[in-house]
Every structure is written in structure tokens, then in C-alpha cells.
Amino acid sequence: MKHHSIKSACAAALLLALAAGTAQAAYPERAITLIVPTAAGGGNDVLARVVGQKVGELLGQTVIVVNKPGAQGAIASDYVARQPADGYTLMLGYIGTHGINPALQKLNYDPVKDFTPIGMVADSPTIMIVSTRIPVHDVAGLVKYSREHPDSLSFASAGAGTAPAIAGELFNQATGAQMLDVPYRGSAPALTDTLSGTTQVMFPSLFSVYPHLKSGMIQALAVAGATRSSALPDLPTLAEAGVPGVDVPQWYAIFAPAKADPAIVATLNKALNQALADPAVAKKIGEQGAEVRSSTPAELGSFVESEAARWKQLAASRQLAAR
């Protein structure tokens with residue numbers, strides 16, 4: 001009788017293991033939600049939709065993009081960090097949510113501990129653009145104009161503490177300019193007002209502004225990074241233009257809540273990297289001014305740790321604040 005009980009227990013355990021394996025292999029069984037921490041229409045939103053559509057095709061499920069803007073990405077980040085780690089809620093994180101913002105203020109989430117890295121998506125340089133409604137054509141001209149008209153210039157940002165805001169603040173510090181930061185709920189509305197001349201300067205990612213550079217309503221002056229952009233090879237860096245210390249490269253990556261199942265993480269990373277390797281996806285991303293960048297989950301995890309440390313140190317040394 002005892003032998004029969006042992007056999008029954010073993011059989012039950014085997015059935016449970018098989019059932020678990022079947023359930024795991026079935027992922028995903030329903031639609032996946034990809035949270036974007038910025039407003040619809042901006043560079044992050046476009047990137048999420050391009051990549052999300054292809055990942056959905058590869059996984060055989062729909063990837064639904066949901067915008068949750070506000071608090072410099074903290075609203076979306078906090079939301080995702082509190083969701084079940086079942087692979088059905090993901091987030092397009094970026095330099096603001098996992099680098100700058102946590103370095104500037106106390107938040108309800110930790111950029112390292114509260115997320116499972118899935119993989120990198122793309123890089124896009126931060127560039128300095130100006131409205132053609134002001135009579136400047138290079139960085140030196142803008143610095144001179146800002147000194148001659150100290151109360152007339154403002155720069156649009158995607159919200160206090162975001163990469164465009166920090167780049168503008170670093171530029172002010174480096175040059176003595178007193179441009180006023182005008183925060184918006186995302187890069188799309190900020191860019192709209194820069195195009196119209198309501199604000200005169202902006203430091204967006206090239207990804208969010210690239211299609212507008214040929215409109216004639218704005219002009220790019222420099223790259224706010226260590227190197228020139230392959231998309232705009234003739235555009236100097238701010239350091240080359242005489243303004244060192246404004247290095248705000250922008251990056252984008254996919255995250256899940258902490259403690260996601262390694263098998264699900266592997267499935268998502270494989271689909272993400274396959275999507276990024278697709279020539280049509282790479283072309284769409286490149287046409288917007290970004291560059292595909294893939295990684296393993298471990299590589300992304302190490303990168304986020306380094307970014308969090310870098311921005312914490314920079315915030316302290318340059319006395320940056322979320323305001």
C-alpha cells in the first residue's frame with residue numbers, strides 16, 4: 001500500500017511538472033501590453049509601435065502599446081514595477097526612467113531592483129535644435145544671442161528631469177546662458193511649440209525630430225554627445241563647437257517587472273532581437289534617426305547599473321535637480 005502511495009505521488013508530481021512545462025511553453029497565450037512612459041506621437045511612442053508590431057508577429061500575439069505619460073516617466077515605471085511578472089506587461093524604458101530621473105529624486109521604484117531587463121532596442125543622440133524664427137545659425141551665434149537677449153530665450157523639454165531638460169540645464173551651466181526651461185508632457189508637444197517658435201530651443205533625441213529637419217522650420221546646431229551622429233555626419237558635437245560637458249546620449253530598452261521567469265525573458269529577448277534584425281524594422285528605425293542596438297538581458301542589466309551610477313554621480317557633481 002505504501003509502495004502504491006509513493007508511485008501515485010511520483011505520478012502526480014510528474015503530471016504537475018509536465019503541466020507547468022506545457023503552460024510555460026504556451027507563453028504567450030494572450031496579448032502583451034507594452035507601456036510607453038511618454039505621450040503618443042513622440043519618438044518613444046513611434047519606436048514602441050514599430051518594434052511592438054514585429055515582436056507580436058513573431059510571438060503570434062498582439063502587442064498593445066499604452067501611453068502612460070507624466071512625472072518624467074515615473075508614473076509608468078511605478079505602474080509596471082507593481083504588475084505581475086508574468087511577461088504580459090512590459091515597458092519601453094529609456095535614459096530618463098532608468099538613469100536620470102532616479103538620480104534626481106526619491107521615487108517609488110528602483111531602476112535596477114524593480115525590473116527584469118529584456119533587451120536593448122536602439123540608441124539615438126540628443127541634438128540641439130533651434131527655431132528658424134531666431135537669427136542664429138550655429139552654437140556660437142546662439143550663445144552670443146542668449147547673452148544679448150537674456151530674457152528672450154526658452155527651451156522646450158519633455159518634462160523637468162528628462163534628457164532634453166537636463167541637456168538644456170547643462171548647456172546653461174556650460175555657457176552662462178539663462179534660457180528658461182518650459183516643460184511639456186512629452187517630446188511631441190514640446191517639439192510642436194519649438195516648430196511654431198513659441199519656444200526657441202530644444203534638446204530632443206534625433207529619433208523624435210529627424211523627420212522634421214527638412215521642414216525648414218527648425219535647424220540642428222550640434223550633437224549633445226561625445227561623438228557625431230552617423231545620420232548627420234556634418235553636424236558637430238557641442239564640445240567641437242566650444243561647449244564641453246553636455247553629453248546626454250539617449251537609449252531605449254524593454255523591461256519587465258522584477259523576478260520574471262527566465263524562460264519568458266529568454267522568449268521575449270529572442271523575439272526582440274529577431275525583430276531588430278529584420279531589415280524592414282531597422283530601416284524604419286533608421287529613417288527616424290535612431291540606430292538599432294540589441295543585447296542580452298544580462299548586458300542590459302549591467303548597462304542600467306552603470307547608467308544609474310553615472311547619473312547619480314553627475315547629479316551630485318553638477319547639482320542637477322528635478323525642480
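Q: What should I know about the model before I start?
A: The model is predicted, so local features need pLDDT of at least 70 and side-chain atom pairs count only at pLDDT 80 or more, while totals for chains, interfaces and linings use all residues. Residues are numbered from 1 along each chain as its sequence is written, and side-chain values use heavy atoms, with hydrogens and water left out.

Q: How many helices and strands does the protein have?
A: Helices (H or I, at least four residues) and strands (E, at least two) are DSSP runs, numbered from the N terminus. Here there are 11 helices and 11 strands. The C-alpha trace spans about 95 × 40 × 30 Å along its principal axes.

Q: In what order do the strands form the open sheet?
A: Strands of a sheet pair through backbone hydrogen bonds, either parallel or antiparallel. Two strands pair if DSSP finds at least two bridges between them. In this protein, 6 strands form an open sheet with the order S2-S1-S3-S10-S4-S11, and the pairing is mixed. Strand S2 (63–67) and strand S11 (291–292) are at the edges with a single partner strand each, so one side of each has no neighbour in the sheet.

Q: Which helices pack on the sheet?
A: Contact means heavy atoms within 4.5 Å. Axes are lines fitted to C-alpha atoms, for helices over the stretch in contact, and angles run from 0 to 180 degrees between N-to-C directions. Helix H2 (residues 43–59) packs on the sheet and touches S1, S2, S3, S4 and S10; its direction makes about 160° with that of S2. Helix H9 (residues 262–277) also packs on the sheet, touching S1, S3, S4, S10 and S11, and its direction makes about 10° with that of S4.

Q: How many bridges join S4 to S10, and how many join S4 to S11?
A: S4 and S10 run antiparallel and are joined by 8 bridges. Strand S4 (residues 115–124) is also antiparallel to S11, with 2 bridges between them. Aspartate 123 of the model stands opposite tryptophan 251 in S10, and its bridge partner in S11 is glutamate 291. Alanine 122 stands opposite valine 292 in S11.

Q: Is S4 largely enclosed or left open by the rest of the structure?
A: Buried means under 20% relative accessible area, exposed over 50%, and partly exposed in between (1.4 Å probe, protein chains only). Because 9 of the 10 residues of S4 are buried, S4 is largely enclosed by the rest of the structure. Across the protein, buried residues make up 50% of the 323 residues.

Q: Which residues of helix H3 are buried, and what covers them?
A: An α-helix has 3.6 residues a turn, so residues three or four places apart point the same way. In helix H3 (residues 74–81), the buried residues are Ala74, Ala76, Ser77, Asp78 and Val80. Their cover includes S1, S3, helix H4 (95–104), S4 and S10.

Q: In which sense do S6 and S7 pair?
A: S6 and strand S7 (residues 180–183) pair in the parallel sense over 4 bridges, and serine 154 stands opposite leucine 180 in S7. From strand S6 (residues 154–157), Ser154 and Ala156 point one way and Phe155 and Ser157 the other way, and all are buried.

Q: Where should I look for backbone angles that stand out?
A: Most residues other than glycine have a negative phi, and most peptide bonds are trans. The peptide bond from tyrosine 27 to proline 28 is cis, with omega near -5°, and proline 28 lies in the loop between helix H1 (2–25) and S1. Alanine 71, in the loop between S2 and H3, has a positive phi near 55°; at 38% relative accessibility, alanine 71 is partly exposed. Lysine 259 has a positive phi of about 65° and sits in the loop between S10 and H9. At 80% relative accessibility, lysine 259 counts as exposed.

Q: Is threonine 237 buried or exposed, and which residues is it in contact with?
A: Threonine 237 lies in the loop between strand S9 (218–223) and S10 and is buried, at 4% relative accessibility. Leaving aside neighbours within four places in sequence, threonine 237 is in contact with Ala222, Val223, Gly225, Ala226, Thr227 and Arg228. Threonine 237 and alanine 224 are 13 residues apart in sequence, and their C-alpha atoms are 6.0 Å apart in space.
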